[in-house]
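Here are my notes from a pass through the model. Have a look at the structure first, then go through the points in order.

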Amino acid sequence: MKNSILLILLVSITSIISAQNSINGTITDANSNEVIPFATIYFPQLEKGTSTTENGTYLLEDLPQGTYKIVVSNVGFKTFSKDIYIKENTRLDIQITPSAIEMEEVIVSTPFHKLQSENVMKVERQSIEELKTKGAMTLSDGITEISGVESVSTGVGIGKPVIRGLSSNRVLVYTQGVRLENQQFGGEHGLGVNDAGIESVEVIKGPASLLYGSDALGGVLYLNPEKFAAQNSTEGDVNMNYFTNTEGFTANGGFKTSGDKVKFLVRGAYGSHADYEDGNGTYTTNSRFNEYDLKSGFGYQDTNFKTELRYNFNRSNLGIPEEIEEQNRDRDPLLPYQEIDNHIISSKNTLFFDKSSLDITLGYVANNRKEFEDEHHHGEEEDHDDHEEHEDEDHHDDEEHEHDEHEHGEEAALNMKLHTLSYNIQYHMPKLGGFETIFGVQGMHQTNENSGEEVLIPDATTVDFGAMVTTHYHMENSDIQFGLRYDTRDIEAKETGEPNSESYIAALDRSFNSFNVSAGYRATIAKRIIARINLATGFRAPNLAELTSNGGHSGANRYEIGNENLENEQNFQTDLSLEYGNEHIEFFVNGFYNSVSDYIYLQPTGDFIDEDPVYQYVQDDSNLYGGEVGFHLHPHPLDWLHFESSFETVTGKLDDSDLYLPLIPANKLSNTFRVEFEGEHVSKKYAFVTLQNIFDKNNVGDFETRTGGYSLVNLGLGATIHAGNQPFDIKLSANNVFDKEYVSHLSRLKTDGIYNIGRNINIGVSVPF
């Protein structure tokens, strides 16, 4: 396989065709026929674009010959998209229609590069810029603004995505076009990605194994990196944020430049936060954290070939809160805490033929997770809602680790090194009638190594391979998409410890495989209504923790035993969605039913070891169901006024029983009033107020704590101020305005009696240059 990849890359580089193809034209208003300056013209598959001049004209050169989608967008106009055939000196004049509906973007996480309104699969998309206007302190905090997405949190620094009630290894995270692997099975293992240098977030809510293989059973969080600068241009920016609650600050700066064929960008970021303060004025001891982040990218694009190499280094130091003790504004984490280094290297390459193309994406992720501990253990009773999670802070040995000893070089108690190589090769076949077809192979080679005193999971090697085909058929007012995929996963783990000892883990050699299918239908009804139905299967192979655990959890007061005989989790989900939109009102309703066979969770055996109850990983069928509903009103002639409302609900139960699944978020209703204005010296003015109502959570998992409902008020405002030719983007937001004491159902600190964060005011300034 490696030799084949190298051969393909060599052929692609040496077979570049130097034909000079271009496209030019004028963009005008469909109602007034006036030219539109500074409109954006973009070819998603080519990742190449430009903007119109003051006269509304545009020109793009050095394009490959063939059929590609062109997308034209501008504020205040409906996004235009069309497949066109590019050849030498192509002329295309385009008229776009005024609209108060916000601009659509091309969806990248699905393979056919459609606008959301054209996509068969419903995908949620949010820009990072928009999420940050709402005061998000971290990326894992920001994604909770997306309907159907929540976060399992440990304080404010550690969070992991929950999509319609499924999390951990059931949700796959992609960044820079490659899968992110960072020991995500653990309860204290957060997202591990900084929002600096991330342009947007896309969420596939439901099984995406057809596109991504194992671990996408619950959905995909797809992070799009920032684009390179436009051809023959140079850009830069500096961004700073201050958060009053943690006395925290973040800063990042970026620079990017592009010539005719070569592109380059770099961005550095740093953030530091003290312990957060809850609604009653108490600091949550050791919730402090700091983070360093560096992202860089290099691109080269010729007529028939483009390549992109990106690198991301992230170092996080995360305190692990246990109980309320020290009350101060220090920033250095106390024991226990984690130090995490993450290196991500990705290479995306595309070779364009006359009527087809070949995409080759290679990735390497090196994750080094260290935990430093002391003799103090959790004393609280943890929720049973962490069934499927392992908390690495709970794995303590008997040796004492004093704070002052660590400061003089004590080694980490837990030190795991995870190395992941991945590849994804897709061939986009020539169109046959209305059919667009993609063949692909995808795989991963992963090793886990331990060098600390504790062993959370054994040294192991995991190898994945998958092959898939998917087809999209376009008709005048509807689209059909279907596909088939086969996957294998081989896991080989080494023997750890002495036989019959508490820490002993037997050697493991298991293979898993699965066939998965997906089918969807999208139809435009009466020009204003879009209906979708999607049927899909997905799977997840059990992880090493579930297969090999053998040890006590001091904080959880339980002894956990893995089950080497676990089988795949397999699910079948039905999704229905309905959307209506005109210039002044948008409405949507999404419903789903997700049946998961062989759902893996922990169950007590009735035995005790060292006075701790014994839990073992078992499997049972389960069902999850619910959905989201909402609308967006911007009445004529008050197009500057917006009212948005959404409601989301999920219920999860074990099959044929009255037992509910853990880690299911509470029902949530959100209402937002927002105003937007444009001006000469002060542009892009906005202000909003949001009321979030989170309802009582009573249908909880066995041994899981019930959570009361609460209401939060958030508000914000911002504007772009021009001082001469220099713009300044300024924003102000306040979350939990009335300093409410509350506990989120997905907070892992709730059983310690620790509240979530209180009032937090964010002041941000961005300076482009």
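This is a predicted model: local features need pLDDT of at least 70, side-chain atom pairs count only at pLDDT 80 or more; totals for chains, interfaces and linings use all residues.

**Notes on the sheets, rings and backbone**

1. Let me start with S9 and strand S14 (residues 198-205): they run antiparallel and are joined by five bridges. One place to look is Gln126, which stands opposite Val201 in S14. Residues are numbered from 1 along each chain as its sequence is written, and side-chain values use heavy atoms, with hydrogens and water left out.

2. Zoom out from there and you get an open sheet of five strands, in the order S9-S14-S15-S12-S13 and with mixed pairing. Strand S9 (123-127) and strand S13 (178-179) are its edge strands, each pairing on one side only. Two strands count as paired if DSSP finds at least two bridges between them.

3. There's another open sheet worth a look, made of four strands in the order S3-S2-S5-S6 with antiparallel pairing. Its edges are strand S3 (48-51) and strand S6 (80-86), each of which pairs on one side only. On average, neighbouring strands of this sheet are turned by 25° against each other, direction ignored; the axes behind that angle are lines fitted to C-alpha atoms (for helices, over the stretch in contact), and angles run from 0 to 180 degrees between N-to-C directions. Within the sheet, strand S5 (residues 66-73) and S6 run antiparallel with seven bridges between them. Gly66 has Ile86 as its bridge partner in S6.

4. What sits in the loop between S5 and S6? Thr79 does. With a relative accessible area of 9%, Thr79 is buried (buried is under 20%, exposed over 50%, partly exposed in between, using a 1.4 Å probe and protein chains only). A polar atom of the Thr79 side chain lies 2.9 Å from the backbone nitrogen of Glu104. For reference, a polar contact is a pair of N or O atoms within 3.5 Å; within protein, one must be able to donate a hydrogen and the other to accept it, and residues adjacent in sequence count only if both atoms are side-chain atoms. Leaving out residues up to four places away in sequence, Thr79 touches Val71, Val72, Ser73, Met103, Glu104 and Leu115, where contact means heavy atoms within 4.5 Å.

5. On to the rings: the structure holds 16 aromatic pairs. Rings of Phe, Tyr and Trp (its six-membered ring) pair if their centres lie within 6.5 Å; planes under 30 degrees apart are stacked, over 60 edge-to-face, and the rest tilted. Tyr174 and Tyr222 are a stacked pair, because their ring centres are 5.9 Å apart and their planes at 10°. Tyr174 lies in strand S12 (residues 171-175) and Tyr222 in strand S15 (residues 219-225), so this pair ties together parts 48 residues apart in sequence. Both are buried, Tyr174 at a relative accessible area of 5% and Tyr222 at 9%.

6. Compare Tyr710 and Tyr742: with ring centres 4.5 Å apart and planes at 35°, the pair is tilted. Tyr710 is in strand S37 (residues 710-723), and Tyr742 is in the loop between strand S38 (726-735) and strand S39 (760-768), so parts 32 residues apart in sequence are tied together. Tyr710 and Tyr742 are buried as well.

7. Arg310 lies over the face of Phe228, 4.8 Å from the ring centre, and Arg329 over the face of Tyr283, at 3.9 Å. The criterion is NZ of Lys or CZ of Arg within 6 Å of the ring centre and within 35 degrees of the ring normal.

8. Finally, some backbone spots to check. Most residues other than glycine have a negative phi, and most peptide bonds are trans. Leu335 and Pro336 are joined by a cis peptide bond, with omega about -5°; Pro336 lies in the loop between strand S20 (305-319) and strand S21 (337-352). Asn33 has a positive phi, near 65°, and is exposed, with a relative accessible area of 52%. Ala526 has a positive phi too, near 55°, in the loop between strand S27 (508-525) and strand S28 (529-540).

Methods
Helices (H or I, at least four residues) and strands (E, at least two) are DSSP runs, numbered from the N terminus.
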